[in-house]
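The sequence and the structure come first, and the description follows.

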Amino acid sequence: MKFFRNAIKPNDQSDLILMISKLVDKFPFYTPTTPKFNKPFNMKITSAGLWGWNSDKNGYCYTRKHPYTNSNWPKIPRKLINIWNKYCGKYEVPNSCLFNLYEFPNSKLGLHQDKEENDFSFPVLSLSIGSTAIFKYGRTKNKLNAIKLESGTIVIMEGASRLAYHSITKILKTEDNILNDEKLNSFPPHSRISITLRMYKPNSK
């Protein structure tokens, strides 16, 4: 697991937030539900790229369309592709981008592995904007490390850490939050956005 603090500077964070705000006007955040039990997640999501990600009572899946608007996902913004190329440039560009909205104070993401992509030779890159999150990770469920992810931090899961267990256990109220400064309706006060880039390869049949 690699961590790059202050990787995205404040001006660039502002540009990304404005870009995401325009995207969610047409591809709004929605609340996925858990497989089998169909309970709502404690966060909201939307996507970009050839493949978006979704979860519902039927399971986790990658999908070509927004589940509520039935529109094909938009292209991954060039600014995000540039970030990928800077940190993961030896790999093919990603075809999936997930935006997670964590609203303060009750949002979180349970412990899991990213294992629906079918080809684990590609890394997963995630970046944080907004309030600080408590991120837990480890090779096993029983032995986890904890770190704070401040706004502008990039996390890369690659190689041995590609299938690490990880979770977001808490969102900390962060007064110096760029999402508060922007005063955009898309983002509630003290919230956090995570942006995750990855490659999804459908199983060939």
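## Two helices in contact

In helix α1, the residues D15, L16 and M19 meet K79, L80 and I83 of helix α2, where contact means heavy atoms within 4.5 Å, and where helices (H or I, at least four residues) and strands (E, at least two) are DSSP runs numbered from the N terminus. The model is a predicted one, in which local features need pLDDT of at least 70 and side-chain atom pairs count only at pLDDT 80 or more, while totals for chains, interfaces and linings use all residues. Residues are numbered from 1 along each chain as its sequence is written, and side-chain values use heavy atoms, with hydrogens and water left out.

The axes of α1 and α2 come within 10 Å and cross at roughly 135°, the axes being lines fitted to C-alpha atoms, for helices over the stretch in contact, with angles that run from 0 to 180 degrees between N-to-C directions. The two helices α1 and α2 are therefore oblique to each other, given that angles under 35 degrees count as roughly parallel, over 145 as roughly antiparallel, 65 to 115 as roughly perpendicular and the rest as oblique.

Leaving aside neighbours within four places in sequence, I20 is in contact with F99, F187, I193 and I195. F187 is placed in the loop between α3 (178-182) and β12 (192-198) and is buried, with a relative accessible area of 4%. With neighbours within four places again left aside, the contacts of F187 are I17, I20, S21, F29, L101, L179 and I193.

## Aromatic pairs and a charge over a ring

A pair of aromatic rings is described by the distance of the centres and the angle of the planes. Rings of Phe, Tyr and Trp (its six-membered ring) pair if their centres lie within 6.5 Å, and planes under 30 degrees apart count as stacked, over 60 as edge-to-face and the rest as tilted. By this rule the count comes to 11 aromatic pairs. One of them is the edge-to-face pair of F3 and F135, at 6.2 Å centre to centre with 75° between the planes. This pair links distant parts of the chain, with F3 in strand β1 (residues 2-4) and F135 in strand β8 (residues 133-140), 132 residues apart. F3 counts as partly exposed at 24% relative accessibility, whereas F135 is buried with a relative accessible area of 6%.

The rings of Y91 and F122 have their centres 6.2 Å apart and their planes at 50°, so this pair is tilted. Because Y91 lies in the loop between α2 (78-88) and β5 (96-102) and F122 in the loop between β6 (109-112) and β7 (124-130), the pair ties together parts that are 31 residues apart in sequence. F122 is buried, with a relative accessible area of 9%.

F3, F135 and Y137 form one aromatic cluster. Y137 is found in strand β8 and counts as buried at 17% relative accessibility; not counting residues up to four places away in sequence, Y137 touches M1, F3, K143, L144, N145, I147, Y165 and H166. Elsewhere, R64 lies over the face of W51, at 4.5 Å from the ring centre, the rule being that NZ of Lys or CZ of Arg is within 6 Å of the ring centre and within 35 degrees of the ring normal.

## Backbone features in loops

The peptide bond from F104 to P105 is cis, with omega near 5°, and P105 lies in the loop between β5 and β6. N118, in the loop between β6 and β7, has a phi near 75°, a positive value in a residue other than glycine, and counts as partly exposed at 36% relative accessibility.

H190 also has a positive phi, of about 65°, although it is not a glycine. H190 is found in the loop between α3 and β12 and is buried, with a relative accessible area of 14%.

Key. Buried < 20%, exposed > 50% of the residue type's maximum accessible area, 1.4 Å probe, protein only.
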